[in-house]
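Please keep the sequence and the structure in view while reading.

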Amino acid sequence: MPKVDNAIMSKKDKIASDLRGIINSKNVLSNPDELRPFETDGLTAYRKMPLLVVMPETVNEVSQILKYCNENKIKVVPRGAGTGLSGGSMPLEDCVLIAMGKFNKILEIDYENRCVVTQPCVTNLAITHAVQDKGFYYAPDPSSQIACSIGGNVAENSGGVHSLKYGATTNNLLGIEVVLMDGTITKFGGKAMDSEGYDFLGLMTGSEGLLGVITEVTVKILKSPEVVKAALVGFPSIEDAGNCVAEIIAEGCIPAGMEIMDKALTKATNDYSKAGYPTDAEAMMIVEFDGTEHEVEAYIQKTKEIAEKNNSSSLKISKSNEERLKFWAGRKAAFPACGVLAPDYMCMDGSIPRGKLAEVLNEISRLSKKYNLPVANAFHAGDGNLHPLIMFDANDKESLRKCEEFGADILKYCVKVGGALTGEHGVGIEKRELMCEAFNDKDIQQQLTIKVALDPNSLLNPGKVYPILRKCAEEGRVHVHGGKTKFPDIPRF
Amino acid sequence: MSMEEKQNSQTSLDFNQNIFKPTSREEIVEIVKTCYRKNIPLEINGLKSKNKIGRNFQSEKTLDLSDYKGIIDYKPEELYIKVKAGTPLKEIVEELDKNNQQLAFEPNDFGYLFSGESNSGSIGGVVSCNFAGSRRFKVGSVRDHILGFQGINGKGETIKSGGTVVKNVTGYDLSKLVSGSFGTLTILTELSIKVLPKPETSKTLVIKNPHLKKAIDFLGKALSSSTDPSGGVFYPDYFGKDFVLNDLTHDGGLTAIRIEGPTNSVDQRVKRLSKELGLLDQELSILDNEQSNIFWSRTKNLEVFKKLESNLLRIVLPVSETLQVIQKLKSYDIKYFVDWGGSLIWAAFETLNAKILSDIKDIVKKHQGYITLIKIEDDLKASADIFTIDPIKYKISEKIKRSFDPKRIFNPGKMYTGI
């Protein structure tokens with residue numbers, strides 16, 4: 001992580017007192033007991049106590065806090081619900097952590113423009129809850145939707161099982177209000193479908209809290225589909241399941257969701273939640289279609305034909321909504337099920353071309369033997385997003401080290417077959433050092449110049465997403481000429 | 001010296017010419033590096049279908065990318081196509097047709113407007129302008145379909161972002177930023193674009209209706225229904241005659257709503273929607289697949305403004321504001337139609353001057369929208385702002401521009417003075 005600024009550390013009391021002059025003093029936390037809950041996010045293997053925590057209540061307070069920190073060169077880490085899985089809101093020792101929890105109100109439901117304007121710390125699911133009585137919903141559904149904040153979703157560009165058909169956060173977002181590191185308050189987008197000039201809304205989405213602090217979000221809402229049906233299909237091999245996925249897509253059917261679990265995960269899930277999944281299958285697939293009755297029927301029928309052609313060993317179609325939800329219940333319990341099998345598990349998040357599924361799973365199984373750590377795989381097959389769950393023991397340092405190496409090897413392989421390091425969890429601190437696998441130094445420098453354009457002192461969420469140059473250079477992937485780095489104005493840590 | 005630099009030093013560039021027509025990325029890199037070193041501004045062109053859009057600006061040299069073309073990789077089952085930026089859109093569409101796939105964002109063809117015949121331009125131009133067609137409210141804009149790109153920044157460095165998979169949150173999403181940047185940030189060299197299956201059938205409900213207020217009401221109800229429309233337009237009386245189609249039983253003002261998908265489902269939804277909208281048989285025509293496709297193709301091509309002699313403005317608004325804005329604009333001599341289910345107005349102004357333009361901008365801004373001047377008279381063009389922007393965003397835009405193109409050599413001033 002970035003080098004700790006001891007001068008800042010030594011001024012903790014002064015900074016706390018200054019901040020108490022900006023916002024309600026009870027919203028500035030400085031005792032270790034008060035700071036403890038903020039020491040980690042969803043990536044719990046890493047912890048760090050922040051210098052201070054502030055809990056602003058208005059956009060003007062956020063602006064003043066950032067302006068103060070910018071002028072005094074104090075690092076800032078923004079945080080929503082703290083459910084992120086890549087360490088994006090993990091504190092730094094010398095940072096002021098801005099906890100956005102008090103921005104928890106839905107501001108406006110506008111059915112005429114089919115959008116909701118909300119504060120950023122409203123949960124993803126609360127938006128759907130607010131509009132479902134009128135038959136609407138908010139489409140992106142990350143698995144943590146009960147707890148994760150919409151502001152965090154914007155920062156991470158969260159996806160979910162339905163993103164093949166409905167897109168990720170970026171495709172469902174109309175506008176944001178954002179505060180830049182110098183305290184500038186601005187809006188990108190609004191209720192109209194596009195906005196003028198450069199697409200800053202697109203740039204901010206998925207920028208992992210490095211470019212600004214989001215203080216308001218406007219999202220599109222959609223009319224809920226009339227009929228939703230799912231098929232539960234077993235296959236004798238991963239190859240068959242993979243071929244089935246490719247063929248369904250090639251036939252022009254775009255499912256709302258399409259999930260595959262391997263045998264290890266299916267077994268764990270059955271043992272844990274009595275899901276009733278076929279136990280003899282090497283791969284198990286859930287395909288869901290939504291729309292009008294005839295549309296869903298047509299697609300389900302086609303799926304059935306394609307599955308049979310690809311040697312499906314079992315096939316069940318949901319006859320009721322209850323049965324459909326039961327299909328999903330097992331999949332949703334898959335992660336906790338792994339928690340029973342081992343003291344800890346690490347959830348990876350690679351993206352691959354759909355057609356490479358069998359190849360990548362074979363490689364993962366080879367690596368599993370190499371590292372002697374069990375692994376189970378869940379796969380958002382529709383959009384090629386793979387979640388291998390590596391089981392390990394966090395109390396055993398060697399086991400954690402092996403797990404991290406194993407995970408890195410998987411992600412490198414994903415990139416090698418034409419995929420991406422992260423499909424929906426973000427880079428954060430977890431995959432930062434792997435960025436050189438996906439990008440060369442020119443690509444990374446271009447991104448860093450954008451960062452510097454908006455945050456010249458690199459104070460906003462530093463140490464996240466972009467690799468520490470020295471490490472990349474050691475690996476020989478960043479071109480360092482004559483010992484001089486490019487962009488000397490960019491701090492290196 | 002890196003491999004790239006070695007290769008570059010081997011190509012010989014005749015810098016005396018005014019128009020460069022590179023066929024390789026190495027050539028583009030060399031041109032840009034030379035321009036960067038010598039501070040020479042470049043105008044970047046593809047097939048020039050949209051080069052009249054934007055501000056006039058001074059450029060010593062032109063970079064013509066029309067020979068930098070070709071499909072690099074097309075994987076129908078992975079739902080993407082990777083192409084060189086100068087590839088004609090037409091060529092891509094024809095290739096996708098073979099696999100019954102499409103670019104779902106159906107970009108506008110500005111050829112009819114400017115020259116009276118089709119010129120859908122190059123894919124690089126389509127992305128650089130980010131003008132999406134009638135499916136906008138359902139499938140997103142051009143930018144939502146760009147999976148990744150490779151480009152050359154203002155220093156001649158090759159950069160990339162994204163990839164070919166749909167789900168990718170690795171680093172900043174620069175594909176969004178370069179979409180709609182009118183060639184001012186980077187020279188696009190390669191684009192990976194999401195493709196989707198074509199719907200089995202398309203049908204269109206055409207409602208005989210000359211009134212905008214009623215049209216907005218129909219469109220609002222349709223777009224908020226579970227019948228899942230994929231297009232919604234309103235043409236006033238004076239454009240009705242432009243749509244002579246077998247199944248169209250009237251020639252006045254019309255509201256049209258498109259339903260796409262498997263045939264069974266389309267029939268069911270068309271029936272349901274006409275019922276939900278409370279339509280009587282005599283005020284309704286239903287266009288079959290072929291005629292429906294013709295209708296939406298004409299809309300996409302802005303054919304009602306074919307060879308337009310006056311000025312054309314593109315106005316994007318929250319749908320709740322459209323009625324009021326048009327009522328205010330009617331005090332000028334305008335002809336317009338409404339797309340995107342009510343959120344997009346294409347308006348032709350018989351006369352336009354700086355004062356009128358400034359008034360229109362105020363009106364649209366007050367209603368939370370923005371304007372792009374698509375076609376205006378040359379004498380006005382020199383003084384008018386083609387795109388609207390507020391001062392804070394201008395300042396941020398300046399910084400972003402510099403981070404890509406520090407010496408402002410790419411289309412300088414095309415979007416805004418100083419950018």
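**Domains of chain A**

In this predicted model, four residues of domain 2 of chain A are in contact with six residues of domain 3 of chain A. On the side of domain 2 of chain A that touches domain 3 of chain A, the residues divide into two nonpolar, one polar and one charged.

- Chain A is divided into five parts: domain 1 (6-99), domain 2 (106-223), domain 3 (228-264 + 279-333), domain 4 (342-416) and domain 5 (441-493).
- Between domain 2 of chain A and domain 3 of chain A, the C-alpha centres are 30 Å apart.

**The sheet of chain A**

- Chain A has an open sheet of five strands, ordered S5-S6-S10-S8-S9, and the pairing is antiparallel.
- Strand S5 (106-110) and strand S9 (185-189) of chain A each have a single partner strand and stand at the edges, so one side of each is left without a neighbour in the sheet.
- On average, neighbouring strands of this sheet are turned by 15 degrees against each other, direction ignored.
- Four bridges join S5(A) to strand S6 (residues 115-118) of chain A in the antiparallel sense.
- Within S6(A), A:Cys115 is the residue that stands opposite A:Asp110.
- Helix H4 (residues 59-71) of chain A packs on the sheet and touches strand S8 (173-179), S9 and strand S10 (213-220) of chain A. The direction of H4(A) makes about 50 degrees with that of S8(A).

**Helices H2 and H4 of chain A**

- Helix H2 (residues 12-22) of chain A and H4(A) have axes that come within 10 Å and cross at roughly 150 degrees.
- Angles over 145 degrees count as roughly antiparallel, and H2(A) is therefore roughly antiparallel to H4(A).
- The crossing of these helices, H2(A) and H4(A), is right-handed.
- From H2(A), the residues A:Asp18, A:Leu19 and A:Ile22 meet A:Glu61, A:Gln64, A:Ile65 and A:Tyr68 of H4(A).
- Sorted by class, the contact of H2(A) with H4(A) has four nonpolar, one polar and two charged residues.

**The sheet of chain B**

- Chain B has an open sheet of five strands in the order S4-S5-S9-S7-S8, with antiparallel pairing.
- Strand S4 (71-75) and S8 of chain B are the edge strands, and each pairs on one side only.
- From one strand to the next, the twist averages 10 degrees.
- Strand S5 (residues 80-84) and strand S9 (residues 187-194) of chain B pair over five bridges in the antiparallel sense.
- B:Val83 has B:Leu191 of S9(B) opposite.
- Helix H2 (residues 25-38) of chain B lies across strand S7 (146-152), S8 and S9 of chain B, and runs at about 135 degrees to S9(B).

**The contact of chains A and B**

- Chain A gives 76 residues to the contact, and chain B gives 68 residues.
- Elements of chain B that give two or more residues to the side that touches chain A include helix H6 (136-139), strand S8 (158-162), helix H8 (212-223), helix H10 (263-276) and helix H15 (391-404).
- H15(B) supplies eight residues, the largest share of the side of chain B that touches chain A.
- The residues on that side of chain B divide into 24 nonpolar, 29 polar and 15 charged.

Definitions and conventions. Residues are numbered from 1 along each chain as its sequence is written. Chains are lettered from A and ligands numbered from 1 in the order in which they are written. This is a predicted model: local features need pLDDT of at least 70, side-chain atom pairs count only at pLDDT 80 or more; totals for chains, interfaces and linings use all residues. Two strands pair if DSSP finds at least two bridges between them. Axes are lines fitted to C-alpha atoms, for helices over the stretch in contact, and angles run from 0 to 180 degrees between N-to-C directions. Two residues are in contact if their C-beta atoms, placed from the backbone, lie within 7 Å. Ala, Val, Leu, Ile, Met, Phe, Trp, Tyr, Cys and Pro count as nonpolar, Asp, Glu, Lys and Arg as charged, and the others, Gly among them, as polar. Domain bounds come from an automatic or database domain assignment. Angles under 35 degrees count as roughly parallel, over 145 as roughly antiparallel, 65 to 115 as roughly perpendicular and the rest as oblique. A crossing is left-handed if the near helix is turned anticlockwise from the far one by less than a right angle, and right-handed if clockwise.
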